[in-house]
Amino acid sequence: VPYDCVGFVTGVAGNFLRQCEEEWNTLMFFTEVGTGSRSRRFERLAIFGAAFGRRGAELKVMAAIEKKIPGFFTDGVEDFVDNEEWGTDTLCLSPDELSYALGKEGSTKRKIAKASGCIVEYVGYVAYLSGMWVARKRAREYLSWLQSHLSPNRSNAIKIDVEDREDATYIDVPVSAIGYITGDRRATLSKIEQDWSVLMFFVKTTTPPREGAERLGIFGAPRGRRGAELKIMGAVEAKIPGYFTDGMEIGVCEDEWGTCTIKLHGDEISFALGRQGATRRKLAKASGCIIEYVGGVAFCSGHIDERRRARDYLGWLLAQMKGDVHVVDVNRPDLLVLDLPEACVTFVAGANGQSLRAIEADSGTFCFIDRDSRGTQRLIVCSQDVKCRRNAESIIRDQVAMQRSHPGAVEDYAYQRSRRREERKVQRAGRGGGPKGKGKGYGKGRPAFESSGSSSSEDSSEDSASDTNSDPEGGGKRRWDSYEND
C-alpha cells in the first residue's frame, strides 16, 4: 500500500479495514514498512483467510488505492481471460459503461456478483472478475449484456439462448403487464433483483413466447431464480387475474427440490399475507422455504423438508382463524414448547397479539398459543434455525421474569420495542451521524467510493433476525440494545 494511501485505506480508527474484514471474513493488518525515496515508500498489508475472501478484500483495497492514485494498478492493464480453473479476468470499461455497471451505490455490481457467484470489483475503469472459471464466464456475459444496453443500435430485448443455460429461467410476461412489473425507471425489477440476488432482462429465445407476451430471463442461483420468478408471477396475477392460476393443478410435490401449491379461500389470503406481507415473510423465514402468493394460490418452493415446514406453519396459521390451535407432534426438531404460567400468557402475547408479533420479528420465528390435550395453554416457537428459537426463548423468559417481579407495572414487549426504537432515533439525531441529517462528522474517514456487498447468496432471505446474544445454551440474559434490525 503506497505510504500516501495508508490513512485512506485504514480509515478513521481502522473502520475501512474492519469493514473489509467483516464483508469478506478475513483478518487484515500491516506487517512491515518498505524504505526508499518518499515516492516509493509503502507499507505491506497482510490478508488472512480463505482464498475467496482474501481475493475479495485484496480487490477492495486495490480499488481504494486506485481511487487515491489513479493508474497505480491499472496502467497497462488490458482485457484478459484467465484459462485456469481459479483465477482473475479483467475487462476494461468506458466511463459510461462503468457508471451503468456500477449502479446506484454499487447495486448493479452487487447483483452481478451474487448472480454469477464471482467476485466483481471495479479498480479504476477496469473490472476485475475473480473466482472459478464458470462463475467468471457468467460474470463476463452479464457485463456484456449490460454494455449492450448502452449501444446506440440496441433493441429492447437481448438475444440469448436461455434454454441451454443452467443459470437461467424464463417467464412469459403479457405485454399489458410489462410496465407494471418493470416499474418507474425499472424500480420494481431492480428491487426483486436485489431481494433475490439475480439479474433480469427481457430476452429473445429460439422458441417464441406465449401470444401477446414477452420473455423475461432470470439469471442466478436456482433458489434466487425461483423466488424472483414467483414474485413476477404474483405481480402479473395481480394485474391479470387467472393468467397463471387458471387450470393450475394444486398438490404436494414429493421431489427433493420442487414446489407445492395450496389453495387459499376468501379471507385466508389477507390473513396469510399480513400487513405489507409481514406474515408471509415471517413464515418464509421460520420455515426456510420460499413462500409466495400468486392470486389465491400459495406457492411453497424449496427442499422437501422446507416445504413440509411451510405447509405445517401455514396450516397452523390459518387454524387460528377458526379457534384454538392444537399441535399433535411437538417432538419436532423445529419446535420449541414453552409452558408459561397462566398469569403471564396474556402479558407475553400483548394486546391483539402485538407483543408476540414483535418477538417474532426480532427473533425470526413463528409463535402462537397452543392448547394441549388437557386444555393447558403453551407457547409454540417455530423455526428451522436453533439460534432463532433460542433468541425467542430468551426474550420470552425475560418478559416472564419482569412480569413476575413487577406484576401489573411492566410494559409489554411491543411497547418496549417501540420505545427503544424512538430512543435510538434520538441518539442518532444527537450524534448527527445519519445520512439524512448529515450533521457534524458525517462522512469522516469514509473512502470516496461506494461500498459493495458480499457476494454471498440470498439467504436470504428477504429479512433477517437480530443475532442472539444469549449463551450457547440459550439461558443467558438478552441484551436489549442488540435489536438493531427493527
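Three strands form an open sheet, in the order β13-β15-β14. The pairing is antiparallel. At the edges sit β13, residues 335-338, and β14, residues 366-371. Each of those two pairs on one side only. On average, neighbouring strands here are turned by 25 degrees against each other, direction ignored. Keep in mind that this is a predicted model.

β13 and β15 run antiparallel and share 4 bridges. β15 covers residues 377-382. As a reminder, strands of a sheet pair through backbone hydrogen bonds, either parallel or antiparallel.

Next, what lies across β13 and β15? That is helix α15, residues 386-405. α15 runs at about 15 degrees to β13.

α15 also has a helix partner. That is α14, residues 354-363. The two axes come within 9 Å. They cross at roughly 140 degrees. Oblique is therefore the word for α14 and α15. The cut-off matters here, because roughly antiparallel would need an angle over 145 degrees. As for handedness, the crossing of α14 and α15 is right-handed.

Which residues make the contact between α14 and α15? On the α14 side, they are Ile359, Asp362 and Ser363. On the α15 side, look for Cys388, Asn391, Ala392, Ile395 and Ile396. The spacing is worth a thought. An α-helix has 3.6 residues a turn, so residues three or four places apart point the same way.

Over to another helix, α11, residues 278-287. Is α11 mostly covered or mostly open? Mostly covered: 7 of its 10 residues are buried. The buried set is Thr279, Arg280, Lys282, Leu283, Ala284, Ala286 and Ser287. Note that Arg280 and Lys282 are in that set. Just after α11 comes Gly288, with a positive phi of about 75 degrees.

Finally, the whole chain. The protein chain has 486 residues, and 49% of them count as buried. Its secondary structure comes to 16 helices and 15 strands. Now the contacts with a separation of 6 or more: 65% of them join residues 24 or more positions apart.

To close, back to α15. This helix lies across β13 and β15, and α15 also crosses α14 in the right-handed sense.

Methods. Residues are numbered from 1 along each chain as its sequence is written. This is a predicted model: local features need pLDDT of at least 70, side-chain atom pairs count only at pLDDT 80 or more; totals for chains, interfaces and linings use all residues. Side-chain values use heavy atoms; hydrogens and water are left out. Buried means under 20% relative accessible area, exposed over 50%, partly exposed in between (1.4 Å probe, protein chains only). Contact means heavy atoms within 4.5 Å. Two strands pair if DSSP finds at least two bridges between them. Axes are lines fitted to C-alpha atoms, for helices over the stretch in contact, and angles run from 0 to 180 degrees between N-to-C directions. Angles under 35 degrees count as roughly parallel, over 145 as roughly antiparallel, 65 to 115 as roughly perpendicular and the rest as oblique. A crossing is left-handed if the near helix is turned anticlockwise from the far one by less than a right angle, and right-handed if clockwise.
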